[in-house]
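Keep the 3D view open as you read.

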Amino acid sequence: MRPAASPLTGRSAAALADARLQRALADVPGGFVAARARVKAALPEFEALRRAGRDIKDHALAHLDLYLEAFERNAIGAGSKVHWAATAADACDIVLSICREAGARLVTKSKSMVSEEIGLNARLEAAALEVVETDLGEYVIQIRGETPSHLIAPAIHLSPADIAEDFRRRHEQLPQDRDMSSPAALVAEARAILRPKFLGADIGITGANLLVAQTGSAIIVTNEGNADLTLTLPRVHIVLASIEKVVPTLSDAWTLLRLLARSGTGQEFTAYTTLVTGPRRPGDPDGPEECHVVLVDNGRAELLGSGLREVLRCIRCGACMNHCPVYCSIGGHAYGSIYAGPIGAVLSPALFGPQAAGELAQASTFCGRCESVCPVEIPLVTLMRRWREVSFAEGATGWSKALLRAWAYLARRPRLYRVVARLGTSVLAGLARGRGALSRLPFAEAWTRYRDLPAPQGATFQAQWARRQRREIP
Amino acid sequence: MSRSAIFAKVRAGLKVGPGADAARRAGAEARLAGGGSRLMPDRGRVGTVERIALFKSFLAAQGSDLVETGDAAELPQAIAEYLIARELPLRVRTGSDPLFARLPWAEVRGLARDMGRARADDTAGVSRAVAGVAETGTLVLASGPDNPTTLALLPETHIVVVRRDAIVGNYEEAMELAERELGTSALPHTLNLVTGASRTGDIGGRIVMGAHGPRRLAVILLGGN
């Protein structure tokens, strides 16, 4: 799953012009923002938890080799089989071989971003397995052949009417004239369609929100309960998780869980938070007979030694997207990567190659809202700026380089700078003809199409400053 | 192959030699033994009355039903009344939890009780939670023959019995209680922390109950005040 090739600006323009997408984006991220503010206000310890969350992840990453060893030891102790995948292809191979070994035909899945990252579904389907996504949003985008547009609300780009159309097309066996007018009716339909899949699956694949080194457990959160059905009913459970998910202890996990739902959906806690440790125990009446944990690197280990280590703190809550003015305007797909929004602008080039870096790092106003809400205080703006520097060094366009060079030339020559600034000010003021703002500007039509440029009022800053100084010092 | 390659890369990224630096290792071992971060919200660190009031207020906020019963012997009757009030079938399934074994199920007219793991067509499952957590109104369910996990997932109605004296303030305390109760620090296959019935906001951002799991969750608080 590499980022699409078409340029970001083209996709963004298309997204802005897409009335259906704009309607879908109008309410949902805002709802998350308001809910987060409410639960944060109700918990005086919230900011202290953010700092603690940051410290836990920094400590875990600085000792990642040791906690991975401990996790492996304890997971094996609990009866799990632990597999290591250096690359996306390795991870797909391992999962496929577990499926083959089990003689599986039907695989249910709960939401897993790393499975999207490694292109797992396509690989399993190519091997003639039926793969069913069970998170409702993921199910919708699966039947549409799309990728998620949000970390925790993968179908956030769709309206209920869009989804009704998809269900009508896909669920041909149901009466054409059935009621599909409410979200409740659509949820009931999906429930009825997916229940037999849960019951009939040979293998259940889940992600993991956290791995706990101390106990060898995976922690999985959902609101639908789909991960619990996925991991409890089939004979074989596969946990697919990237290596940076490991935290030292259960206590550390509670701290991060106190942040996760509050930051993402704005809930006090998700409806289902499950600690799963190995397969069913002797005498248990339900649960899988086998549990496999597939630990995926796929580029993360290299980030540890880079200037981007902090991005590995991410717990995938989606708060940075919900609070991003750019994400809320263009949606997730315009980013051209399964990791969208501010976190995607940092993570995607790190995982999929820096060619997308320049583009994605431009998709920010650097307003800093993302940083201010991140539950583990990832310095997203600093990291995006780092990618801007990389892309500039590696081939900024001739235009931007020439402009910056011209500005640097002037900035080093104060007298010349003053002359040019005075000239520019009077030209702009002249163009505005006393209206106070410019609605069109030659060579900058793309910029002025959406906003006016305030016209300079009076003399330049330097001239005003000089006059003031003269007045104050007699 | 992959394993050693990943560890080599991780250690190179962290700039540590293989197996070297004892101090780092000692730091990690100490954390694994000592428990790590413990930042428990003050809201859960209150007296019993306030703690139970907080627990109940979160149940209401998440849309769960609450029934209070003084004595375990009254449980079958309380369960029957709950089901009748909602016009649900008078049939439940439980696991082999000792709490349920001693109860006068047969004395409640019309109420049928099955045992074992849930079947696809079960309408109501009854479990006992090892703890309730006041800080978010969360129930802690341990898997096993006493309370099979499927009872909490497949039926449309899930009824959870929790003792009043098992309502603790925070998740950390719930883990300590579970450990005492299960008689081992070894975790069961799953610890399910349930905070309300199954729900989704994936269609149009509006919350709809009963996504894949139970549509309704009833909590029976057991024991005198």
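The paragraphs below start with helices of chain A and then turn to the sheet of chain B. Bear in mind that this is a predicted model.

Begin with helix α8 of chain A, residues 136-144, which is mostly covered, with 7 of its 9 residues buried. The buried residues are L136(A), G137(A), E138(A), Y139(A), V140(A), I141(A) and Q142(A). What do they pack against? Just after α8(A) comes G145(A), with a positive phi of about 70 degrees.

Two of those partners also pack against each other. The axes of α9(A) and α10(A) are 10 Å apart, at an angle of about 35 degrees, and the crossing is left-handed. On the α9(A) side the contact is made by P160(A), I163(A), A164(A) and F167(A), while α10(A) supplies P183(A), L186(A) and E189(A). By class, that gives 6 nonpolar residues, no polar ones and 1 charged.

Now move to chain B, where 6 strands form an open, parallel sheet in the order β1-β12-β7-β4-β2-β3. β1(B) (65-69) and β3(B) (112-115) each have a single partner strand, so one side of each is left without a neighbour in the sheet. From one strand to the next, the twist averages 25 degrees.

Within this sheet, β7(B) (157-163) and β12(B) (216-222) pair in the parallel sense over 7 bridges, and H158(B) stands opposite L217(B) of β12(B). Finally, helix α4(B) (75-85) lies across β1, β2, β4, β7 and β12 of chain B, running at about 150 degrees to β1(B).

How values were computed. Residues numbered from 1 in each chain as written. Chains lettered and ligands numbered in written order. Predicted model: local features only at pLDDT ≥ 70, side-chain atom pairs only at ≥ 80, totals over all residues. Buried ≥ 20, exposed ≤ 12 C-beta atoms within 10 Å, placed from the backbone. Helix = DSSP H or I, 4+ residues; strand = E, 2+ residues; numbered from the N terminus. Axes fitted to C-alpha atoms, helices over the stretch in contact; angles between N-to-C directions. Left-handed = near helix turned anticlockwise from the far one by under 90°. Contact = placed C-beta atoms within 7 Å. Nonpolar A, V, L, I, M, F, W, Y, C, P; charged D, E, K, R; others polar. Pairing = 2+ DSSP bridges.
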